[in-house]
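Please open the model in your viewer and keep the selection panel at hand.

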Amino acid sequence: MTIRFDGRVAIVTGAGNGLGRSHALGLAALGAKVVVNDLGSATNGSGSSSAIAQAVVDEIVGNGGEAIADGADVADEGQVAAMVARAMDKWGRVDILLNNAGILRDKTFSKMDMEDYHKVMGVHMTGTVVCCKAVWPIMREQNYGRILLTSSTSGLYGNFGQSNYAVAKAGMLGLMNVLHLEGAKNDIRVTMLAPSAVTRMTEGLLPQEAEALMRPEAITPGVLYLVSEDGPSRFILSASAGSFARILLHETRPAYFGDGERTPDAIAAHFNSVDPHKDVLFMENAFEQNKSLVGAAAEKHGFSVAF
Ligand code: NAD
């Protein structure tokens, strides 16, 4: 198997810098036609410039690839619709969407003002939903789509000073889980990336001795796998410095407490003794979880439930 993207059209948001730039170059090098989207804003989301997206397009074209630059703000439905229309006019399809655009407004929760929260949610979460929504009917019609959501361990595991960003990045999980289920019949696969790389966004925050390893280019091959034809769906890739791991959300096996045993103290005692790393279950969807919990209760009552 050799992963290639010949004949495929990809949109990469926030592709003027850092990770998005690397992903756009990587897709183009393997044959994809690429919309290089970037608003050209500062790390805190202020300002705009069309120059950086164009510079990446020039690089792709200089390497013999095909690309167009687009300056849409991912949070603006009209601008995103126009971007998708440009891709359709030029190439007639959209196969891959890499949601990557992002900003930071780091502050502790006590110091964060709501404007920062709305701005961060707007770019990361709303921007991702707006872009997914704009390509969704096209991917359904084509019976083909590969969508990547860029999450972060800040949302999945927590990071001091990043409550606004963490809410947005954890929100990707909900979006992936549902789009994975709803897209399956049209071969639309949805995955998530939790990267860590040296970019302008993380400048000065990472250990200096690791910086040489933590290039965006050390992550991109994992992204290319995720959005490839035989790539997975509902898969969270953890990636940094050329190392890759899969992130999974697990749930411990349910314990049933009958009437008379179901006290707060009994439940506390149970969780004090449960090892959260052992005997865990992986849920395919929300119904699976219902089946697990209600099933354990029904078993104690001597019957089974068909969900
Ligand atoms: P970066 O600042 O180098 O690149 C982000 C790009 O997004 C910029 O070029 C910016 O102009 C663009 N952008 C910002 N707002 C936009 C908007 N509204 N519309 C279109 N483009 C917009 O940052 P990066 O480190 O390459 O981050 C890329 C993604 O990866 C982000 O979503 C970030 O949250 C995520 N991420 C990065 C790291 C890391 O270690 N660098 C870790 C976890 C997650």
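Which residues of the largest nonpolar core touch the most other members? Select Ile11, Leu97, Val135, Ile147 and Leu149, which hold that place among the 42 residues of the core; a nonpolar core is a set of buried Ala, Val, Leu, Ile, Met, Phe, Trp, Tyr and Cys residues joined through side-chain atoms within 4.5 Å, where buried means under 20% relative accessible area, exposed over 50% and partly exposed in between, with a 1.4 Å probe and protein chains only. This is a predicted model, in which local features need pLDDT of at least 70 and side-chain atom pairs count only at pLDDT 80 or more, while totals for chains, interfaces and linings use all residues. Residues are numbered from 1 along each chain as its sequence is written, and side-chain values use heavy atoms, with hydrogens and water left out.

Next, colour the elements that build this core: strand 1 (9–12), helix 3 (77–91), helix 4, strand 5 (145–150), helix 6 and strand 6 each supply at least two residues, and helix 4 gives the most, with 11 residues. Helices (H or I, at least four residues) and strands (E, at least two) are DSSP runs, numbered from the N terminus. Centre the view on Val135, which touches Ile11, Val84, Val94, Leu97 and Ile147, not counting residues up to four places away in sequence; contact means heavy atoms within 4.5 Å. Apart from this core lies another, of 31 residues, among them Ala10, Leu27, Ile96 and Val227.

Now colour by domain. The chain is divided into domain 1 (9–247) and domain 2 (250–300), with bounds that come from an automatic or database domain assignment, and 36 Å separate the two centres, taken over C-alpha atoms.

For the largest pocket, select Leu19, Tyr165, Thr199, Met201 and Thr202, which lie nearest its centre among 49 lining residues. About 910 Å³ of space lies in this pocket. On a 1 Å grid over the protein atoms alone, a pocket is an open set of points with protein on both sides within 12 Å along at least five of seven lines, a cavity is a set where a 1.4 Å probe fits but cannot get out, and lining residues have an atom within 4 Å of a point. By class, the lining of the largest pocket has 17 nonpolar, 26 polar and six charged residues.

Move on to the second largest pocket, with a volume of about 280 Å³, and select Asn177, Arg234, Leu249, Phe282 and Met283, the closest to its centre of the 21 residues that line it. The largest share of this lining, five residues, comes from helix 6, and each of domain 1 and domain 2 supplies at least three residues. Its residues divide into 13 nonpolar, four polar and four charged.

The structure holds one cavity of 30 Å³ or more, and the largest cavity has a volume of about 60 Å³. Its lining includes Thr13, His124, Lys169 and Met172, and helix 4 gives the most to that lining, with four residues.

Finish at Ala42, in the loop between strand 2 (33–37) and helix 2 (51–62). Is Ala42 buried or partly exposed? Ala42 is partly exposed, because its relative accessible area is 31%.

Conventions
Points joined across faces, edges and corners; volume = space filled by probe spheres on them. Nonpolar A, V, L, I, M, F, W, Y, C, P; charged D, E, K, R; others polar.
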